[in-house]
Amino acid sequence: MIEVSKAEATNREVLEEVTILFSGDSGDGIQLIGDRFAYSSSVKGNDISCFPDFPAEIRAPAGTTAGVSGFKLCFSSEPILTPGDHLDAMVAMNPAALKQNISELSDNGILIINSDSFKEKDCVKAGYQENPLKTGELDRFRLVEIPLTQLTLDALSSLNLPRKKALLCKNMLSLGVVCWLYERPIEELENWLDAKFGKQHLLSEANKKALHSGYNYADTIELFDAGFRVPKANLPKGRYRHITGNEALALGAVVASIKCKRELFFASYPITPSSDVLHSLARYKNFGVKTFQSEDEISAMGAVVGASFAGNLALTSTSGPGLDLKQEMLGLAVMAELPAVVFNIQRAGPSTGMPTKTEQTDLLAALYGRHGECEVPVLAPSTPADCFTMAIEAFRIAVTYMTPVIVLSDGYLANSAEPWQIPTDEDIDGFSVANLPAQSDGALFQRCPNTLARSWVLPGQKGLEHRLGGLERDYDKGAISYDPDNHFKMVLTRKEKIKRISQDISPISADEYSGADVLVVAWGSTHGALHTAVQQLKSEGYAIDHLHLRNLNPLPEGLGDCLRRYRKVLVAELNLGQLNSVLKNHWSIETEVLQKVSGMPFKIDEVYQHCKQLLTDNSQ
Amino acid sequence: MSIVEKIDVVTKLSKADFASDQEVRWCPGCGDYAILAGIQKVLPELNTPKENFVFVSGIGCSSRLPYYLSTYGFHTLHGRAPTVATGIKLANPELSVWVITGDGDALSIGANHLLHLLRRNINVNILLINNRIYGLTKGQYSPTSEQGKVTKSSPLGSISGPVDPVSFALNAGATFVARAIDKDAKGLQKILKQAAEHQGASFVEIYQNCHVFNDGAFEAATARDTKDDATVQLVDGEPLVFGSKDKKAIVLDGLEAKVVSVNTESLPDNALVHTTGSDNEAYDALLSSFQHKGLPLPVGVFRQLRKPTYEQGMIEQQQSSIASQGQGNIEALLTGGSYWFHE
Ligand code: SF4
């Protein structure tokens with residue numbers, strides 16, 4: 001065990017918040033150190049927001065910009081909603097990472113680079129004509145060159161590790177440097193490494209050594225003029241954990257199943273970025289969860305429909321082209337009126353698109369992507385933690401109204417973590433399967449007068465044997481029917497059933513949205529950037545509000561009136577205006593659209609500038 | 001209701017108890033009538049409460065069958081019945097789940113799903129009703145139609161050759177594989193019963209005559225004067241002998257099967273003796289290729305193996321997780337992993 005210099009740097013500068021990017025090759029272990037530094041920041045009491053951004057290829061060609069993996073983290077002494085636009089500090093493990101991200105680093109920002117990986121050939125591979133360390137283009141930053149590779153090899157020389165293995169620890173050395181810089185206790189990370197490597201003592205030892213060396217190096221050679229301190233944030237007291245959107249969806253599903261006392265059946269086919277939902281749920285077998293990795297997307301949805309028919313709480317998750325393949329079975333679930341939930345983690349499309357990049361381009365597919373008159377409720381969580389709430393809400397709606405429900409998350413929500421105050425069992429509203437089984441054959445297809453839901457009668461219930469199917473059925477008796485009037489009635493009934501959900505969700509508050517110059521309307525993962533930009537404008541005296549929709553079908557009551565109270569409505573989405581077209585279709589109002597379809601989330605500044613322009617135009 | 005009472009009720013059921021109130025709408029004379037009757041006859045004998053039967057189908061003439069049974073039923077989507085049946089069985093392993101499918105449904109659009117249901121060995125009974133034609137869409141060639149088949153969609157003859165359902169199922173690793181014929185009511189019922197009682201995925205190909213679009217497809221195997229020479233009955237532990245007047249046996253000659261006449265009581269040493277319990281793929285391949293090689297069509301149970309079912313594995317994993325981690329609750333779920341206190 002190495003002695004860590006505990007001598008506290010006396011001259012720590014206090015900052016309100018810091019945004020840092022860890023970047024390197026996708027094989028450099030960037031996500032690991034980013035994620036862990038985020039956790040350390042939370043444990044220290046900061047609020048955090050992060051954005052992991054990585055290539056779809058497991059190992060794109062090393063050293064090229066295509067293979068750059070980045071983990072952006074903001075830790076703050078104030079409550080925050082996004083990782084911010086500009087970087088205060090950046091770790092670049094190679095020239096490609098530098099090239100890819102340097103434009104985000106603020107002037108005078110700290111730039112830590114691995115000087116061992118800036119040889120001529122490395123620079124050429126990254127697309128630099130000249131070595132950027134020699135051109136003076138980095139002079140406006142506080143450049144800190146560290147021979148990370150050599151230092152790691154030196155630090156681990158006594159362990160006799162193969163060179164390749166030893167080099168894998170250089171991410172830990174860089175993490176050690178950053179820990180010194182931002183005053184992170186190293187003991188907590190040691191414990192984590194011990195737990196992570198378990199019985200592989202040598203690896204654990206090597207990683208700890210590298211971590212210490214980085215910390216000591218920064219300390220002893222006074223790498224930086226000063227270290228920094230970001231004080232604790234003023235968050236509500238309580239128990240917290242980190243949660244990503246995908247974890248939150250998984251937890252929400254399990255809680256829904258415990259609350260309504262139905263086993264959870266989850267079928268899914270692995271697809272980026274939704275696979276972590278499958279990974280999470282596969283670990284919860286002792287909670288009565290059944291997970292089924294199906295042969296394809298269609299089969300997953302088919303199994304969900306079957307499990308729902310047999311009485312389980314049935315769930316699938318998907319992304320990208322997977323949603324297309326779910327649509328056929330969603331139609332059957334609509335026709336058979338069976339509860340089911342689809343978590344669709346949107347990604348850049350069409351087709352294979354950019355699997356690891358985020359987008360909100362599936363809204364219209366979720367609303368209208370099936371043949372026939374085939375509506376389903378659509379929900380959209382707005383933060384990683386909100387994914388938990390909306391997962392439960394999706395199941396509540398599904399079993400209350402006997403309908404499949406689509407939840408639209410996205411790549412950004414899926415992978416970014418935030419601190420989450422852990423609710424207790426009592427904090428979480430439960431729901432029950434209210435529609436009791438019908439008692440006689442005649443009443444089998446009767447509907448609840450309020451919700452219009454039919455009864456969820458399960459195979460195994462004596463005397464209630466019946467047949468379901470994709471064919472249109474008679475309104476009263478449930479037998480196959482080709483009667484024109486009956487079909488019309490059934491179409492309208494199914495539509496009305498979905499519409500009635502709007503009585504059962506929070507309306508738009510007229511007090512909160514009483515009217516102003518501009519209303520920014522949006523949904524999903526864009527919440528943080530939009531809210532931050534709008535708050536900033538409000539604090540500057542502008543008359544602007546932000547309305548973030550979590551129910552996209554049916555829309556909440558009071559929305560139309562709300563929209564009309566504003567002089568301008570700006571619909572901001574990571575698509576070409578899909579929610580916008582829905583709103584215009586409902587209320588034929590004038591709107592403006594802020595589009596972005598680049599695979600990246602909104603930046604606060606681009607929203608701020610756009611709104612400001614709109615506000616200024618408005619006042620003329 | 002106690003189990004004793006349930007069994008009591010079960011034993012009282014008869015064929016008529018399984019007829020639904022729906023009017024049967026197949027063409028008069030369709031082979032599906034006989035298959036429906038066979039199923040209705042067998043169900044009361046299975047010692048299963050009526051409410052525990054679930055019949056799942058895809059799309060096609062035969063997939064209408066669940067509507068004509070008074071059990072729980074689900075008429076799903078083209079080719080997708082195995083997926084829905086999988087979900088039903090995994091959600092409630094107590095149920096007796098049946099898939100009714102046709103040659104187009106199971107082997108064209110749904111072949112992938114069928115393959116995976118079989119290899120997983122989910123305890124579901126699959127009845128593939130093969131008429132070698134698309135009936136519901138009015139007569140296009142199917143994936144089991146013979147090469148060169150002239151139909152509305154192949155006026156110059158179909159270009160591709162057929163897939164053999166039994167070979168498909170054997171190669172997919174099904175633990176119960178059989179072939180039956182609509183016109184052989186007794187044989188059909190016997191096989192249906194064995195399929196139902198088998199623990200694991202059971203696959204039964206049933207030859208069915210669609211006299212409207214593909215009449216006589218199985219004529220040789222069903223006509224009184226030809227069937228004994230055109231088919232060989234598979235009986236576990238018995239030699240492969242057949243023939244109406246002259247008794248014939250099938251022998252192994254090198255790697256090929258051959259027919260020889262046997263005039264005496266004793267069979268040649270190289271006569272093939274059928275076994276349903278061997279895991280010998282070479283034998284399976286040989287047996288399922290007979291009809292393509294001018295040898296008689298095997299009818300009966302090709303294979304029956306005892307292997308753990310998927311749902312058993314699923315339940316065991318659940319139980320072992322509960323044993324090692326304890327029954328989960330919301331508190332344990334939400335605090336799982338690491339958390340901290342913000343003071
Ligand atoms: S078309 Fe053929 S298979 Fe279909 S119902 Fe008529 S006879 Fe039977």
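Reader: Which residues lie nearest the centre of the largest pocket, and how many line it?

Author: The pocket has 47 lining residues, and A:Asp35, A:Thr244, A:Glu247, A:Asp276 and A:Asn415 are the ones nearest its centre. Two or more residues each come from helix H1 (30-43), strand E4 (68-76), strand E9 (238-244), helix H10 (245-260), H11 and helix H16 (411-415) of chain A, and from helix H12 (330-335) of chain B. H1(A) gives the largest share, 6 residues.

A word on the ground rules: this is a predicted model, in which local features need pLDDT of at least 70 and side-chain atom pairs count only at pLDDT 80 or more, while totals for chains, interfaces and linings use all residues. Residues are numbered from 1 along each chain as its sequence is written, chains are lettered from A and ligands numbered from 1 in the order in which they are written, and side-chain values use heavy atoms, with hydrogens and water left out.

Reader: Thanks! What makes something a pocket and something else a cavity?

Author: The search runs on a 1 Å grid over the protein atoms alone. A cavity is a set of points where a 1.4 Å probe fits but cannot get out, whereas a pocket is an open set with protein on both sides within 12 Å along at least five of seven lines. A residue counts as lining if it has an atom within 4 Å of a point.

Reader: And what does the volume of the largest pocket stand for?

Author: Grid points are joined across faces, edges and corners, and the volume is the space filled by probe spheres set on the points. For the largest pocket that gives about 1500 Å³.

Reader: What makes a residue part of the shell around the ligand?

Author: One of its heavy atoms has to lie within 4 Å of the ligand. The residues that qualify are B:Trp26, B:Cys27, B:Cys30, B:Cys61, B:Asn131, B:Gln208, B:Cys210, B:Val212 and B:Phe213. By class, 7 are nonpolar, 2 are polar and none is charged.

Reader: Why does A:Leu583 count as buried?

Author: Buried means under 20% relative accessible area (exposed is over 50%, partly exposed in between, with a 1.4 Å probe and protein chains only). A:Leu583 has 0%, so it counts as buried. This residue sits in helix H20 (residues 578-587) of chain A. Beyond its neighbours within four places in sequence, A:Leu583 is in contact (heavy atoms within 4.5 Å) with A:Val521, A:Leu555, A:Leu559, A:Leu563, A:Val571, A:Ser588 and A:Ile589.

Reader: Is A:Glu183 buried or exposed, and what is its phi?

Author: Its relative accessible area is 14%, so A:Glu183 is buried. Its phi is positive, about 60°, although it is not a glycine. A:Glu183 lies in the loop between helix H7 (170-181) and helix H8 (186-197) of chain A.

Reader: What makes an element a helix or a strand, and how many does each chain have?

Author: Both are DSSP runs numbered from the N terminus: H or I of at least four residues for helices, E of at least two for strands. Chain A has 21 helices and 22 strands, while chain B has 12 helices and 12 strands.

Technical notes: Nonpolar A, V, L, I, M, F, W, Y, C, P; charged D, E, K, R; others polar.
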